[in-house]
Structure formats: C-alpha cells, structure tokens
Amino acid sequence: MKINTALVLLSLQLMITGCRKDDKKQVQDPLNIPANPVKPEAKTEDEIDFKNFNIFDISTIQRNELMDAFISVSDIYHDKQAVPADFLKSQKDAPFSKMAYLELNDQYRKKMMDGLHLTENDSLYLYNYETNTLKKIPVNTLKAVAYISPYISEGEEIDIDSYMLGFQIENQKSLNIFDKYTNVVAYFGNKNPFTENKMKMIRWKKADVEIQKKYFPGSNLKYGGTYQSRYENLTYYVQDLLEEYGTRERKLVVINDKNEKIFEKTFTISDGAEFNPLEKTENETTNYHAQWTGRLFKGKEPVVLNFTSPSFGCPVITFLDKEKTELTINCDNRH
C-alpha cells in the first residue's frame, strides 16, 4: 500500500507498525496504589489526581514537503461526528491532498475539548525526561486538527476513522524535528504532573554470576546476560532468558538498601514486538533504545520504561509498586 503521508511516532520506540487497540491498558487502580517499601515523594499542594489520567507521545507528520508536530488524542476521543459531514462528502470532488489535513472550526474544536474534558484555560505540558526540559503551552493557542492516517491510500473511501484527531504543536518545520520529540511525554490539564530532574537513563553493567543464582534460579530457558544498575537507594538486576532465536523473557528484580526485594517483573513480547538492547552497539549514537527509570510523576513511585518496543498497541510505563501498575502512553498506533 502506498503511504501518502509520512508519520513517525516518537517515544520509547515509537513507530507506527501495528494496529490500534481498543482494549489498551489504562492505569490499574491508580488511586489505590498499595503501600510499598519504595515510598513516593511527599505529598504537595500540586499533587495530581491520577483518576482518568492520560499521557501522550508526539508524532511528526510530513505535509507539503515539511513537517508538523502533532498530538493525536484519537485513542481516547471517539466521536463519530468529529469532523464536518460536508467535508467527508467532498472527497468525491476534492483532491486527496486536500482531504489529508483539516483545521477544525470552533464548533468541532469544542466537541473535541468537551470529549476530552478540557477547557481553554488548561495547558499542554511537554516533558523531555532526557534533557529535563518542561514546556507549558496554553491549550487556547493550539490548533485542533485532523490528519489522515498514513495507511489510507488515494482512491480509498475516507470516513471519520481515517483521521487522527488532536492538537498541532508545530507547523511546517524542517524534516529534522524528529529528534526534538524523542523521550518526550505530553499531558493536558491544569497542573503539571511531572517531577522534574528525577529521571535517569539506566546504564547497565555486567553482574556477577552469583546474582544470577540468587535472584533468577530455576528457569528452563537458556541463561543470557545478567546486568545491574543503581538508582537512588535501589539496585536493579536484569536477566535475559533465551530461546533459539533470541531473548524470550527479560526478568527484572529491584532491591532496596536493606537488601529486600521490593519489585519483580517478567517482560515478554508478542505480535512482532522486540526487546530493546541493554547495551549500546558500537555504531549506536543515540539514546533512542535506552531504558529509563526515576520519579516521573508527582506523588508516585519510581517508574521503568523502554524495555520493549511494541508493534501493536503503545508502549507502557511500569511503576515500581506492588501491583506492577502500568500506564499506557497513548500513541495512536494503527494501520
């Protein structure tokens, strides 16, 4: 299928290579995270209510030989009349290029705002956890827009599900803006939910064989590399378990400074997903595939992310809590 619009999804491994899923995970019991030896930061007056909490990644879309930066909200906004009916009907007479992009008028902008429970007094918070850069943009300055999916070809019937709906961040920039939005997450609301300067790229080093025996015994799979890293008072241990064609499981154990195991999780892959490497290759010059950890959100336990690259669905952030709570990064992954 010929792709008419180039869309690159940014984030932890963010490429559009799979289907959008309606049953995507949301935060599991976000208001009742159980007590845990990893204590969240002290409560403040700015602490965020995580009920119905959503974060997003940023996409770059080629249009007129230049690039737009855009946040799709179509994972959570499903209004079947989100664009004017007359616009869809015009496809019989309009060129495909005209159907590929639409700025929503006030009526349809308000429909989207209401559907998202936003007001014009809210803000967009863009947080780059690699560079510790926070940008706040008033929502009332953002264009509400619809971009046609890059998997829709000229000549196909166009309907509301053919469009990605959301807000434009940048308009008609150079083609090199992709890197600008790597390791950036976005939030719409009236308070900044992000804890600044508390995220850290995980730098793994080989662990002693005794670690493998102590924390990862009894697997029927072949043992691969064992790695460790530190964050604040926590030690992270990772064990790769192999099958014939590569890593099948990746086990993570987190130990506190009292030598207590406070978290463990087994990462697996399916549907074309891949494990991200734990070590850089000689030719790798970016941190695109790196794992990250730290206190990303106010009043919450530390998180880990970027252990896997999904093909179908979107990447998740895992909290180091007893319930292994996961928060999906809305990325509008479809084909």
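The structure is a predicted model, and its chain of 335 residues has 54% of them buried. Four helices and 22 strands make up the secondary structure of the chain. Among contacts with a separation of 6 or more, 65% are between residues 24 or more positions apart.

**Confidence**

- The mean pLDDT of the chain is 86, with 83% of the residues at 70 or more.
- Where pLDDT is low, the predicted coordinates should not be read in detail.

- Five strands, in the order 12-13-14-15-16, form an open sheet in which the pairing is antiparallel.
- Its edges are strand 12 (205–206) and strand 16 (261–268), each of which pairs on one side only.

**Strand 8 and its partners**

- Strand 8 (residues 143–148) is largely enclosed by the rest of the structure, because five of its six residues are buried.
- Strand 5 (residues 101–103) runs antiparallel to strand 8 and is joined to it by three bridges; within this pairing, L102 stands opposite A146 of strand 8.
- Strand 9 is also antiparallel to strand 8, with six bridges between the two, and the bridge partner of Y147 in strand 9 is M164.

**Aromatic pairs and the cluster**

- A search of the whole structure finds 15 aromatic pairs, one of which is formed by F87 and Y163, whose ring centres are 6.1 Å apart and whose planes meet at 55°, so that the pair is tilted.
- This pair links distant parts of the chain, with F87 in helix 1 (residues 85–89) and Y163 in strand 9 (residues 163–173), 76 residues apart.
- Both partners are enclosed: F87 counts as buried at 13% relative accessibility, and Y163 is buried with a relative accessible area of 2%.
- In a further pair, W204 and F307 have ring centres 6.3 Å apart and planes at 65°, so the arrangement is edge-to-face.
- W204 lies in the loop between strand 11 (199–201) and strand 12, while F307 lies in the loop between strand 19 (303–305) and strand 20 (308–309), so the pair ties together parts that are 103 residues apart in sequence.
- W204 and F307 are both buried.
- One aromatic cluster is formed by F53, Y125, Y127, Y187, F194, F297 and F319.

**Charges over rings**

- R63 lies over the face of Y101, at 3.9 Å from the ring centre.
- K265 has its charged end over the ring of F267, 5.4 Å from the centre of that ring.

**The disulfide**

- The structure holds one disulfide, which joins C314 to C331 with an S to S distance of 2.1 Å.
- The link of C314 and C331 is left-handed, with -90° about the S-S bond.
- C314 is in the loop between strand 20 and strand 21 (316–319), whereas C331 is in the segment after strand 22 (326–330), so placed that the two cysteines are 17 residues apart.
- Both cysteines are shielded by the threshold of under 20% relative accessible area: C314 counts as buried at 11% relative accessibility, and C331 is buried with a relative accessible area of 4%.

- A85 has its place in helix 1, and at 43% relative accessibility A85 counts as partly exposed.
- The C-alpha atoms of A85 and I160 are separated by 9.1 Å, while the two residues are 75 residues apart along the chain.
- F87 is in helix 1 as well, but F87 counts as buried at 13% relative accessibility.

Technical notes: Residues numbered from 1 in each chain as written. Predicted model: local features only at pLDDT ≥ 70, side-chain atom pairs only at ≥ 80, totals over all residues. Heavy atoms only, no water. pLDDT = per-residue confidence, 0-100. Pairing = 2+ DSSP bridges. Phe/Tyr/Trp six-rings, centres within 6.5 Å; stacked < 30°, edge-to-face > 60°. Buried < 20%, exposed > 50% of the residue type's maximum accessible area, 1.4 Å probe, protein only. Lys NZ or Arg CZ within 6 Å of the ring centre and 35° of its normal. Disulfide = S-S within 2.5 Å. Contact = heavy atoms within 4.5 Å.
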